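Welcome! Let us take a short walk through this protein together, one place at a time.

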Amino acid sequence: MRMNEKGNVYGRRCQEDGAREGAEDVRYAVGLMSGTSVDGIDAAAIEIREGEAGERPRIRLLSFGNTPYPADVREEIFALFEPSAATVDRVGRLNVLLGELYAEAALSAIRQAGLAPEEVEVVGSHGQTIYHAPQPFTSHGCDLRYTVQIGEGAVIAARTGIPCVSDFRVADMAWGGQGAPLVPFTEYLLYREPRRTLLLQNIGGIGNVTVLPAACTPEEVYAFDTGPGNMLIDGVVARLFPGMSMDVGGAIAREGRVDAELLERLRGEPYYGLPLPKSTGRELFGAAYVDKLLAWREERGISAGDLAATVTRLTAWSIGDAYRRFIRPKHTADAMIVGGGGSYNRTLIGMLKEELEPMGVEVLTQEDIGLSSDAKEAVAFALLADYALAGRPNSLPGVTGAKRAAVLGKISY
């Protein structure tokens, strides 16, 4: 049993819970996530029960909430996605402000779980990515990669009184990895099955898939970014439908028609054919890409609804293409379990079923299996932080392309 700097309060809670089997192995953690869609701060409080050697940990979600960013903060985050606007003073100021907001979200999740901060062992915070450059470039004889996530972990630790693990990506990149995706490590721990090959598809701003072959070892897991998730859909809707930031439930796309010629043009994006491992982000599929989409819309004379339908189909196609191109030649999947905000877009899920179910892949959502699409990534960062605090490797180098497994995350006390 580990003891945090608060003394033995954590141990007392386990004793007071009674003589439950394995009670001495219980610990509590909080995970914080803010993705490329900038929808807000996801915060999950979880209970972790350690299994026997070789067994997966048992996770119980105690509370979950999403705190939307104040409008001016969200606007500032989007401004910093443009490198020329991301001056040192603006980045530094927003870094500490987000630390304050993340701390408030963590404390709220703790209260909702019926816990006190002293009973929580660690907070894991992904932070807000404002730039991600995973492809190496050479400078002074060194192959360099870099990434920038903000939301100061030291502020979170100071305000909550709980150790905070943050800035997870850089350790993987230091060992030659892409720094993403990171969630496959926890998906391997929690979802693998002895007889079925599963695909864990997240549809946030960017889409990414984790492949869990039946009875796989950690070395057999692989994952990569499939391409745009909600990012182009949200970008088009925000620009063409005043007052809207997303296509709620896919209602706009459902009324539109896919423009086949434009879709064919979009399928030519070189990213889809890049070899694994690979990752992408707003640097490719952000505002400049939306500008091109709007220019092509004018050129083709298609309606706003048709453009929404076309980029929704593009997201579904890119996921299907990734399966056909990179996964099916190695492993025939039994099911895809979809999480992230895109799992609530019924039009997108319908298109995804059209892509995959003819190939024998059942498409389900996290809710279909009794879990939460919204909470999944926040839960993952709570578990990643738990491993980091114990000094245990929490990465899959076969997923990111790193030379070795590493302990990801910087710890603030």
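This is a predicted model: local features need pLDDT of at least 70, side-chain atom pairs count only at pLDDT 80 or more; totals for chains, interfaces and linings use all residues.

## A buried pair of rings

Phenylalanine 168 and phenylalanine 381 form an edge-to-face pair, because their ring centres are 5.2 Å apart and their planes meet at 70°. Phenylalanine 168 sits in the loop between β6 (164–166) and α5 (169–174), while phenylalanine 381 belongs to helix α14, so the pair ties together parts that are 213 residues apart in sequence.

## Charges over rings

The charged end of arginine 392 sits over the ring of tyrosine 387, at 4.0 Å from the ring's centre. In another such arrangement, arginine 404 lies over the face of tryptophan 175, and the distance to the ring centre is 4.7 Å.

## The nonpolar cores

Now for the inside of the protein. The largest nonpolar core has 38 residues, and Phe168, Tyr188, Leu212, Val221 and Phe381 are those with the most contacts inside it. At least two residues of this core come from each of β1 (26–34), β2 (41–49), α6 (184–191), β7 (198–203), β10 (335–339) and α14. Which element gives the most to this core? That is α14, with 11 residues.

Valine 221 is in contact, beyond its neighbours within four places in sequence, with Tyr188, Thr210, Val211, Leu212, Cys216, Leu396, Gly398 and Val399. Another core lies apart from the largest one; this core has 32 residues, including Leu80, Leu101, Ile150 and Ile156.

## Alanine 385 in helix α14

Helix α14 spans residues 376–389, and alanine 385 is part of it. Is alanine 385 buried or exposed? With a relative accessibility of 0%, alanine 385 counts as buried. Setting aside neighbours within four places in sequence, alanine 385 is in contact with Val122, Val123, Gly124, Val165 and Phe168. The C-alpha atoms of alanine 385 and isoleucine 411 are separated by 8.8 Å, and these two residues are 26 residues apart along the chain.

## The annotated binding site

Finally, let us turn to what the record says. In an unreviewed UniProt entry, the annotation "binding site" covers Gly35, Thr36, Ser37, Val38, Asp39, Gly40, Ile41 and Asp42. From this set, the lining of the largest pocket takes in Gly35, Thr36, Ser37, Val38, Asp39, Gly40 and Asp42.

Glycine 35 is in the loop between β1 and β2, and glycine 35 is partly exposed, with a relative accessible area of 26%. Serine 37 lies in the loop between β1 and β2, but serine 37 counts as buried at 10% relative accessibility. Which residues does serine 37 contact, leaving aside neighbours within four places in sequence? They are Arg74, Phe78, Gly204, Gly205, Asn230, Asp234 and Arg282.

Technical notes:
Residues are numbered from 1 along each chain as its sequence is written. Side-chain values use heavy atoms; hydrogens and water are left out. Helices (H or I, at least four residues) and strands (E, at least two) are DSSP runs, numbered from the N terminus. Buried means under 20% relative accessible area, exposed over 50%, partly exposed in between (1.4 Å probe, protein chains only). Contact means heavy atoms within 4.5 Å. Rings of Phe, Tyr and Trp (its six-membered ring) pair if their centres lie within 6.5 Å; planes under 30 degrees apart count as stacked, over 60 as edge-to-face and the rest as tilted. A charge sits over a ring if NZ of Lys or CZ of Arg is within 6 Å of the ring centre and within 35 degrees of the ring normal. A nonpolar core is a set of buried Ala, Val, Leu, Ile, Met, Phe, Trp, Tyr and Cys residues joined through side-chain atoms within 4.5 Å. UniProt positions are given in the numbering used here, feature names are shortened, and annotations may be inferred rather than shown by experiment. On a 1 Å grid over the protein atoms alone, a cavity is a set of points where a 1.4 Å probe fits but cannot get out, and a pocket is an open set with protein on both sides within 12 Å along at least five of seven lines; lining residues have an atom within 4 Å of a point.
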